[in-house]
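The sequence and the structure are shown first, and the description follows.

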Amino acid sequence: MNTTAISPLTVTPLGFVPDLKNATLVPFNETACENWREIHHLVFHVANICFAIGLVIPTTLNLHMIFLRGLLTIGCALFIIWATLYRCALDIMIWNSVFLVVNLLHFIYLVYKRRPIKIEKELSSLYKRMFEPLHVPPELFQRLTGQFCNIQTLKTGQAYAAEDKTSVDDRLSILLKGKMKVSYRGHFLHNIYPCAFIDSPEFRSTQMNRGEKFQVTIIADDNCKFLCWSRERLTFFLESEPFLYEIFRYLIGKDITNKLYSLNDPTLNDKASKKIDRQPSLCSQLSVMQMRNSMASTSDSEDGLQMFLRGTSSASSLRNNQQEFYNAYGVSRLQHDFFC
């Protein structure tokens with residue numbers, strides 16, 4: 001029968017004091033540092049300084065990501081130099097080579113995105129006057145004007161649109177140079193000056209009804225140059241760009257408002273129209289989203305338009321001019337159409 005030997009208990013007498021002076025310290029593990037090595041080369045410390053500076057750059061700085069990636073790239077390059085020349089550590093060199101490639105690619109991409117966008121000379125004044133004040137990025141404006149539009153010219157006396165003949169479904173245009181004259185049944189209505197839409201009322205009033213004709217005649221009063229979009233392709237593009245869609249709604253609405261101003265003062269010239277552009281309009285003090293919400297909450301659109309134009313002329317002449325404008329463009333509730 002197997003018996004198990006029981007080890008005797010070790011009894012420590014009372015009053016025993018261990019000898020701590022002659023005790024031997026046992027390390028927690030075999031890799032415990034007994035002797036600290038000498039400080040690494042200066043290259044090692046400069047690399048870490050680059051990392052530290054890159055990580056403490058505030059995010060409020062405009063180019064903080066470019067600075068961060070640039071400093072990380074420099075730091076990784078210095079680590080590679082240190083690992084190769086002073087440490088002879090292959091694994092450190094390989095890992096930092098990988099980090100160097102990743103950060104360098106990010107740095108190049110960020111710098112590429114910050115490249116200056118060159119806008120054509122013919123379109124620079126249009127961008128500065130109409131789109132830049134509304135914070136449209138140059139690259140977005142370049143996409144808008146570079147894919148599905150072209151610049152066309154008209155000589156003096158040539159017609160852009162003929163009353164009851166030209167279809168309104170084909171295009172939307174902005175005048176770049178020259179002056180155009182709009183008439184209805186032989187009666188002069190107003191002029192169109194550079195950086196203004198040529199057919200903005202037709203674009204809005206017939207947005208839901210295709211196949212209609214121009215109710216006015218538009219003739220070049222000077223040698224004109226205008227930017228012309230394909231209406232179908234422009235509509236498709238704006239549907240994919242909600243921000244630019246709201247911008248166009250605002251610009252077209254403001255353009256029609258300016259045309260109403262010019263009906264009250266047929267002698268309005270280009271300088272005066274620029275002053276109107278700089279004056280607070282229906283929504284110039286609101287952001288694009290506030291503008292949309294404000295317009296959507298308007299219950300009586302024609303009354304709102306009359307309040308906006310109050311003071312520019314007498315009430316009777318204003319109603320007559322508005323009615324003439326509605327008849328000319330075939331719109332019964334103009335503001336409702338181009339705002340909603």
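## Pairing within the sheet

Two strands are said to pair if DSSP finds at least two bridges between them. By this criterion β3 and β8 are paired in the antiparallel sense, over six bridges. Across from K177 stands K225, a residue of β8.

The open sheet to which these strands belong has four strands in the order β1-β8-β3-β6, with antiparallel pairing. Its edges are formed by β1 (149–154) and β6 (196–197); each has a single partner strand, so one side of each is left without a neighbour in the sheet. Helix α7 packs on the sheet and touches β3 and β8, and its direction makes about 65° with that of β8.

## The model and its confidence

The model is predicted. The mean pLDDT of the protein is 75, and 66% of the residues reach 70 or more. Residues 3–12 have a pLDDT below 50, and this stretch has zero contacts in the model beyond near neighbours in sequence. For residues 331–340 the pLDDT is also below 50, but that stretch has 32 contacts beyond near neighbours in sequence.

## Overall composition

The protein contains 13 helices and eight strands. It has 340 residues, of which 39% count as buried. Its accessible surface comes to about 21,600 Å², and carbon and sulfur atoms account for 58% of that area.

Contacts can also be described by the separation of their partners along the chain. Among contacts between residues at least 6 apart in sequence, 75% join residues at least 24 apart.

## The nonpolar cores

The largest nonpolar core of the protein comprises 30 residues, and those with the most contacts inside it are L126, F131, W229, L244 and F248. At least two residues of this core come from each of α4 (121–131), α5 (138–146), β3 (171–177), β8 (224–230), α7 (231–240) and α8 (242–264). Helix α8 provides the largest share, with seven residues.

What surrounds F131 beyond its neighbours within four places in sequence? With those neighbours left aside, F131 is in contact with L126, V136, F141, L144, I247, F248 and L251.

F44 is placed in helix α1, which spans residues 42–56. Is F44 buried or exposed? With a relative accessible area of 19%, F44 is buried, because the cut-off for that class is under 20%. Once neighbours within four places in sequence are set aside, the contacts of F44 are with F79 and W82. The C-alpha atoms of F44 and Y86 are separated by 9.3 Å, although these residues are 42 residues apart along the chain.

H64 belongs to helix α2, which covers residues 64–87. The relative accessibility of H64 is 18%, so H64 also counts as buried. Apart from neighbours within four places in sequence, H64 is in contact with I57, P58 and T59.

Technical notes. Residues numbered from 1 in each chain as written. Predicted model: local features only at pLDDT ≥ 70, side-chain atom pairs only at ≥ 80, totals over all residues. Heavy atoms only, no water. Core = buried A, V, L, I, M, F, W, Y, C linked by side-chain atoms within 4.5 Å. Buried < 20%, exposed > 50% of the residue type's maximum accessible area, 1.4 Å probe, protein only. Contact = heavy atoms within 4.5 Å. Axes fitted to C-alpha atoms, helices over the stretch in contact; angles between N-to-C directions. Areas by Shrake-Rupley, 256 points an atom, 1.4 Å probe, with all protein chains shown as cover. pLDDT = per-residue confidence, 0-100.
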